[in-house]
There are 2 protein chains.
Amino acid sequence: MAVVVSLEEKRKGRPSGLDALLQLCGGDLERVNHAIVERMHSPVELIPQLAGHLVEAGGKRLRPLLTLAAARLCSYRGDKHILLSACVEFIHTATLLHDDVVDGSDLRRGKPSANAVWGNKAPVLVGDFMFTRAFELMVEVGSLDVLRILSQASSVIAEGEVLQLQTANNMATSESAYLQVITAKTAKLFAAACQIGAVIAERPSAECEALESYGTNIGIAFQLVDDVLDYTARQATLGKAVGDDFREGKITLPVILAFRRGDEEEREFWRRTMERLEQQDGDLERALELMQKHKALADTLDRAQHYGKMARDALALFPDSAVQRAFLDVVDFSIERAF
Amino acid sequence: MAVVVSLEEKRKGRPSGLDALLQLCGGDLERVNHAIVERMHSPVELIPQLAGHLVEAGGKRLRPLLTLAAARLCSYRGDKHILLSACVEFIHTATLLHDDVVDGSDLRRGKPSANAVWGNKAPVLVGDFMFTRAFELMVEVGSLDVLRILSQASSVIAEGEVLQLQTANNMATSESAYLQVITAKTAKLFAAACQIGAVIAERPSAECEALESYGTNIGIAFQLVDDVLDYTARQATLGKAVGDDFREGKITLPVILAFRRGDEEEREFWRRTMERLEQQDGDLERALELMQKHKALADTLDRAQHYGKMARDALALFPDSAVQRAFLDVVDFSIERAF
C-alpha cells in the first residue's frame, strides 16, 4: 500500500497521536475517570460489575477527551465539561454493551465481552442503565442546548444501529448507504462530543459548527480505519478477533469495494460468504486476497484520509495553539492506527 | 377467595375502571396517539414497523392517561402534557421491548412479541431508539424539573430491571426485596407519569408529592395484580401465556408467600421448579394448588388492596371533582382486573 510509506515518513520524529491531547487534558481526564467510577455506582452489584468490566478495561477515552479538548480550545472556564465527558463515555459504553449482544461478539478491548461473561440479559439491562445514567448526568449539568444535542445524537445513533441491522448481509449495500450508517452510529457521537465543548463555552455558532464538523469527519475516518483493522490487525492490537466482521457478514467499505470491483465469480464468493453466511476454511484468506487485488483496503484508507483532511480544514477556523495542534494530531492518530 | 365476593358486590352498578378517565381525557388521548405515531416515524423502516407492532397493538395507555389526568386535576393550561404523555408511553414501550428479549417471551398484548417476530437484535436496538426518542421529546418540552424526574425515573427503572435479574430463580428472595424490585421497575414510571402533570402546572410541592405517592402505590398494586393474573387469568384476557412467570422461574409474591408458608417438601418443589427450572407436566397445576392451599393469591390481592388504599388517601389532598373520582376509579380498575 503506497500510503503506508508516505505516512511512515510523515510520522518520523513526531510524538504519537494522543500524547499531546493527554498532556493538555490529563488533569481533567483524571477527574472524568473519577466521575465515571462514582456515577456508575449502584447498590445493585451487577451494574458496577458489568460497567466496570468495560469502563475499567480502559478504552482510549477518545470521545470524552474530545469534549475536554474542545472545551479547552474554546477557553471554557467552568466544570460542566467534566460531567459531560463522563456522560459521553456512558453513552458510548451503553452502545458497546448492546452492540456486543447484537453482534454476538466474544471479545472487546482484548477481554471477554460482557455478554461472553454474563450472557445477553445483563448487558441489555445494564446498557439501559448506562444510557439513563448518561441522561441523568446531562440533566444535572442543566444546559438545554447540550441536552438537545446529546439527546438528538443518541437518537441518531440508535437509528443508525437499526439501519445497520437492516443492511446487514446485503451485498447490494452502496458506499453511500454504508456512509449513512457510520455517520449515524459512529460519527454522530464524535460530533456531539466536540460540539458540546463549544456550546458550554457559549462560543459563536460558527465555532460550534466547526467542532461538530471536525467530529463528524474524524468519526467517519475513525470507523473506516476500524473496518480496515478488522481485516488486517493482529488480535493483540485490535482487542477483538480479526475477521469478526467477515464472520458476521457485516458489510463494510472494504467488502463493498472488493465486491463492486470484482468479476461475477468473485461476487458470488461475497454473496455466499456475506449474505448466506456459508463460510468454510480459507474463506477469510480468500477475502483478504480479493481485497488486496482490488486495493479495497488501501482505498478505504484513502477515503479515511479524505475525511481526515476535512476534519483538519474544519479546525482551521481556530487560531494556532497547543490544543489546536493536539486536535490535528488526533486526525493523524485516527488514520495511522491502520499502519 | 373471599375478596372476590365483596368486590363483585361493590362493583355492581358502577361504570368500569377506566371509563371516566377516558371520557375526561379522551380528546387529549387522541392527540397523544397522534403524537406517538408521528414521533416514532423514521426513514429506517424497521423502527416504525417494530414500534408500531407494539404501540398500535394498543395497550391500555394507562400511563399516558395518568399524565393527562394529573395535568387536568392540577388545572394545567397548556400543551406540554401531550408530548410528555407520549414520552411516558415511549419509555414504557422501550422497557417492554427489552423485557421481552430478556424474558424470552413469545406473546405480548395477545400478539406475538417483537422478539418472536423479528428475533432479539431488532428489539434491543429499536428499544434503544424509543428510549432516546423519549428523551428528545422531553428535551423539546424543555422543563428541567420534568427532565430531572423522568431521567431519574428511567434510571431507577433500569436499575430495578437489573435487580430483578439478580434475584431471578432465587427462592430466598424476601417480600421486601420483591417490593423493592417492583417499586423500581413498575411503580416508578406510574409515579413519574402522575407527578409531571402537577409539575408542569407549577403546583405546590405537596400536590406534586401527593400525585407521586398515588402513582407509586397504584403502580405497586397494579404489578401485584399482574403477578396474580399470570397464574389465574385466561390467556385471552391476559394477552400473554398463563404461567409464563412460573416457566421462567420468576419470583413473584404469590410464589414467595406459598414458599414461606409451605413445609419442607413443598419448599423443595419450589426450589426444583423455580431455581433449578426442572419442570415437568403437572407442575404448574401443583403450583396453583399450593398457592390456593396457602391463600398465596388471595393474600397477594389483599396486599394490592393495601397499596390501593394508600393511593386513595394520597389523593384526598385534592378536592372532590370528576377527575379526582376518575383517579379513584383507576384504583378499583387496577385491582378488580384480578376478578
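B:Ala69 touches B:Leu21, B:Leu24, B:Cys25, B:Val323, B:Ala326 and B:Phe327, leaving out residues up to four places away in sequence; touching, or contact, means that C-beta atoms placed from the backbone lie within 7 Å. This is a predicted model, where local features need pLDDT of at least 70 and side-chain atom pairs count only at pLDDT 80 or more, while totals for chains, interfaces and linings use all residues. Residues are numbered from 1 along each chain as its sequence is written, with chains lettered from A and ligands numbered from 1 in the order in which they are written.

B:Ala69 belongs to the largest nonpolar core, of 232 residues, and is among those touching the most other members, together with A:Ala69, A:Val162 and B:Val126. Such a core is a set of buried Ala, Val, Leu, Ile, Met, Phe, Trp, Tyr and Cys residues joined through C-beta atoms within 7 Å, buried meaning 20 or more other C-beta atoms within 10 Å.

Next, the two chains. Chain A and chain B each put 36 residues into their contact. On the chain A side, helix 8 gives the largest share, 14 residues. That side divides into 19 nonpolar, 9 polar and 8 charged residues. Here Ala, Val, Leu, Ile, Met, Phe, Trp, Tyr, Cys and Pro count as nonpolar, Asp, Glu, Lys and Arg as charged, and the others, Gly among them, as polar. Helices are DSSP runs (H or I, at least four residues), numbered from the N terminus.

Last, a helix pair. In chain A, the axes of helix 10 (residues 205-232) and helix 17 (residues 322-336) come within 8 Å and cross at roughly 20 degrees; the axes are lines fitted to C-alpha atoms over the stretch in contact, with angles from 0 to 180 degrees between N-to-C directions. That makes helix 10 of chain A roughly parallel to helix 17 of chain A, a word used for angles under 35 degrees.

Note on methods. Helices (H or I, at least four residues) and strands (E, at least two) are DSSP runs, numbered from the N terminus. Angles under 35 degrees count as roughly parallel, over 145 as roughly antiparallel, 65 to 115 as roughly perpendicular and the rest as oblique. Two residues are in contact if their C-beta atoms, placed from the backbone, lie within 7 Å. A residue is buried if 20 or more other C-beta atoms lie within 10 Å of its own, exposed if 12 or fewer, and partly exposed in between; C-beta atoms are placed from the backbone.
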